[in-house]
Amino acid sequence: MGLPSRVVSPFGLLNNADHDIQVYFDKEIVDEDRMSFHPNTNEKTIFIKTEDLFKFLKNLAMKPLRDKVDFTCPPKRVMLFLYAKKVGENYMESEDRQTRKSNLRLLFEALVVGLVAGIVVGSFRWLIGQTLAMWQKGYQAAHANPALLWLLAGGVLASVIVAGFLVKQQPHAGGSGIPEVELQLQGKLQLAWWPVFWRKFIGGVLSIGSGLFLGREGPSIQLGSTVGQGVAQGFKASKSDSRVLLETGAASGLSAAFGAPLGGAMFIVEEVFHNFSPRVWLNALAGAIMANFVVSNVFGQTPVLAIDYKHSFPILQYWQLLLLGAFLGLIGRFYQWGLLNFSHVYQKIPVLPRWLHGIIPALILVPVMYYFPGYVGGGNNLILSLNQIHAVNVLVLIFLLRISFSIVSYDSACRAGSSCRS
């Protein structure tokens, strides 16, 4: 019937053009509501209602026999189905054991992804912090020795030029990386993980660590997904398991970036996978917890945005939160529009090639970082210090500065590892 070896399936009768096969069923099996068969491949098992199976055979002009089999004058070709409870229990138990074994193996691989992603993204996060602190100390020293500004400006320019060159080599290493992850999971984009991985890592440290208004969440997600892809290749995982491990890597990357395993797993369901699958969710959560365990041993268990709430917000003032949400929604829409359209401004600059457009935000960054060193970078430290700023006009200036300069930073070509932060 043209079926692979060890495949037991009545659906193979679709290939029996001569209709020379007689089908027999054990009397006891037809009393069951459902039967289970291979769907013409031994990689899966499907369940079908007994009445539907007989309808299928009837449509094939087959007349399945349910009486005792008389082998004194057997037909030339016979398909015989015996009761699974009598002769197939060991086979079904073997199938269950194999499924459990496969799930446990995938869980182990997901934990490996979480472990490696935690190390990688934890290192990424640490290097960005150390690099940014180094630049901030340099600008503080420049107040006593203004000649250092030339050296600092040269260093920033060199950083963004290298980052831009990395994006020129591998365009998919630029930007936040989240669209690439989504396209890979949809099967619309095929990428080799290693060329993206190392360029994303180095470019991200150089561009984000230099003080540009860029965040680490998007790059961390893509770094984690490349780790998942690499681990899947290392374990020679199947196509479906590779997809799960890529999703697990993305969740682990976000978890390691902010110490938020639940946030990482929920991000995969809501933003990337757009569907709830227990198989995806459990493995993504396991990897995210492992990644968080790794980074917690380095950065401690204090949340990244550990804001101390000393007073409860009055219930009678909750209406203010509604207005704030509406206002921020409008600002977010404007911000999104700016991110999507400001690149057209860069395209109108004929003097510089696209991969060198990072020089523009780098030049703007030098005076900003000289006068306002605490307002640069991803913004985490700035958020934690906002309760110390009580002048409304200063808060408005900070807000406008971050909105405008983050758009300029993101749309430049140095965004090898950028995600919008305002």
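**Close-up views of a predicted model**

View 1. Helices here are DSSP runs of H or I with at least four residues, strands are runs of E with at least two, and both are numbered from the N terminus. The model is predicted, so local features need pLDDT of at least 70 and side-chain atom pairs count only at pLDDT 80 or more, while totals for chains, interfaces and linings use all residues. Residues are numbered from 1 along each chain as its sequence is written, and side-chain values use heavy atoms, leaving out hydrogens and water.

Helices α10 (318-341) and α14 (392-410) each give at least two residues to the patch. Its members are F313, I315, Y318, L321, L324, F327, L328, V392, V396, F399 and L400, which make a surface of about 1100 Å². Patch residues have over 30% relative accessible area and no salt bridge; like charges are joined within 9 Å and nonpolar side chains (Val, Leu, Ile, Met, Phe, Trp, Tyr) within 5 Å. A salt bridge is a side-chain nitrogen of Lys or Arg within 4 Å of a carboxyl oxygen of Asp or Glu. Areas come from the Shrake-Rupley method with a 1.4 Å probe, and for residues only the protein chains shown count as cover.

**View 2. F399 sits in helix α14.** With a relative accessible area of 34%, F399 is partly exposed; buried means under 20%, exposed over 50%, and partly exposed in between (1.4 Å probe, protein chains only).

**View 3. Q184 is a buried residue of helix α4.** You will find Q184 within α4 (residues 178-185). Q184 counts as buried because its relative accessibility is 14%. Leaving aside residues up to four places away in sequence, Q184 touches L189, L191, Q229 and L246, where contact means heavy atoms within 4.5 Å.

**View 4. Helix α7 is largely enclosed by the rest of the structure.** Of its 20 residues, 16 are buried. Spanning residues 239-258, α7 reaches 29 Å from its first C-alpha to its last, close to the 28 Å expected at 1.5 Å a residue (1.5 Å times one less than the number of residues). G259 follows α7 and has a positive phi, near 65 degrees.
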